[in-house]
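User: I would like to learn how to read a few features of a protein model. Please take me through them one at a time.

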Amino acid sequence: MLYFSSLLKANPQYSLSAENLFSALSDSGEKFTLFDGAKDIWARDYMPIKTKSGQYISFRYEPHYLKGYERRRTDYCNDIAPHFALPVTYSNINLDGGNVVFSPSKTKAVITDRVFSENPEYDKNNLLLELENLLEAEIIIIPSLKSDMTGHADGVVRFVNENTVIGNASPYKNGYEQKVKSALKKHGISCLDFPYFDSAGISAVGSYLNFLETDKHIFLPVFSDAQDETAVKRAKEIFEKNIVAVNINSIAEEGGVMNCISWEMN
């Protein structure tokens, strides 16, 4: 079952994009529902993370980019948990769910180095050890994109299989993509280029790899751009799933795309 914040329908700014996605999900036979209590639409970040053994971990959600905007910060324990009968382990580590990208088996988890600056009170080695224990996975640290407000991993890489990811094929002058690929290579993971184009400000328009993946489908964001066709074609070449293109520009303009607004519970 897929879950989305009810704010997606309540806010007219998002309603058209949300209906595009919800219609695509319904037409594809995917089950979804809405939940109340959230203060923003980015469910991936504040909802618990499920590990390979089925445990749910709720991390502290106090990202630096919401400093001064605490009214927009959703606290899972107080705001959302009353709506879910879900056994959860709470952690004091400050970590957004969008900064955890699991491999298909959930034995590997890619996280950007933003986790270190968000947890300055921790020794880095101790922090990694605690994350490995909580997430039950090998932790793979990649550099964060400094120009990205959130510094999340789900805007940088997504797994194809245990030893392969896709990454943004964008020509950053500082060689950012090569730094990511080098970090992954140390863990035996290769990276395939995936279409991407940069947008101004906080916008995530152009982030094709921030898709929503289910067992049978990949709901791929498109942006009414000339690269849309290339992105759909590339996705079909790489993934053995049905590729469904969905335009959610008004949501992407706010800084996140499909993976950011979704959460799943089996």
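Analyst: Start with a right-handed β-α-β unit, made here by β13, helix α8 (residues 228-238) and β14. Keep in mind that the model is predicted.

User: How many bridges join β13 to β14, and do the strands run parallel or antiparallel?

Analyst: Strands of a sheet pair through backbone hydrogen bonds, either parallel or antiparallel. In this case strand β13 (residues 217-222) and strand β14 (residues 242-247) run parallel, joined by six bridges.

User: What is the order of the strands in the open sheet of three strands?

Analyst: The order is β6-β7-β8, and the pairing is mixed. β6 and β8 are the edge strands, each pairing on one side only. Between β6 and β7 there are two bridges, and these strands run antiparallel. Val-101 stands opposite Val-110 in β7.

User: Which helices pack on this sheet?

Analyst: One is α6, which touches β6, β7 and β8, and whose direction makes about 130° with that of β8. Another is helix α7 (residues 176-185), which touches β7 and β8; the direction of α7 makes about 160° with that of β8.

User: What is Phe-4 in contact with, leaving aside its neighbours within four places in sequence?

Analyst: Its contacts include Leu-21, Phe-22 and Leu-25, as well as Leu-212 and Ile-261.

User: Last, backbone angles. Where is Lys-106 found, and what is its phi?

Analyst: Lys-106 is in the loop between β6 (101-102) and β7 (108-112). Its phi is positive, about 65°, although Lys-106 is not a glycine. Glu-136, another residue other than glycine, also has a positive phi, near 55°. Glu-136 is found in the loop between α6 (124-135) and β8 (138-142).

User: Why does Lys-106 count as partly exposed?

Analyst: Partly exposed covers the range between buried, under 20% relative accessible area, and exposed, over 50%. Lys-106 has 24% relative accessibility, so it counts as partly exposed.

Conventions: Residues numbered from 1 in each chain as written. Predicted model: local features only at pLDDT ≥ 70, side-chain atom pairs only at ≥ 80, totals over all residues. Heavy atoms only, no water. Pairing = 2+ DSSP bridges. Helix = DSSP H or I, 4+ residues; strand = E, 2+ residues; numbered from the N terminus. Right-handed = clockwise from strand over helix to strand, strands pointing away. Buried < 20%, exposed > 50% of the residue type's maximum accessible area, 1.4 Å probe, protein only. Contact = heavy atoms within 4.5 Å. Axes fitted to C-alpha atoms, helices over the stretch in contact; angles between N-to-C directions.
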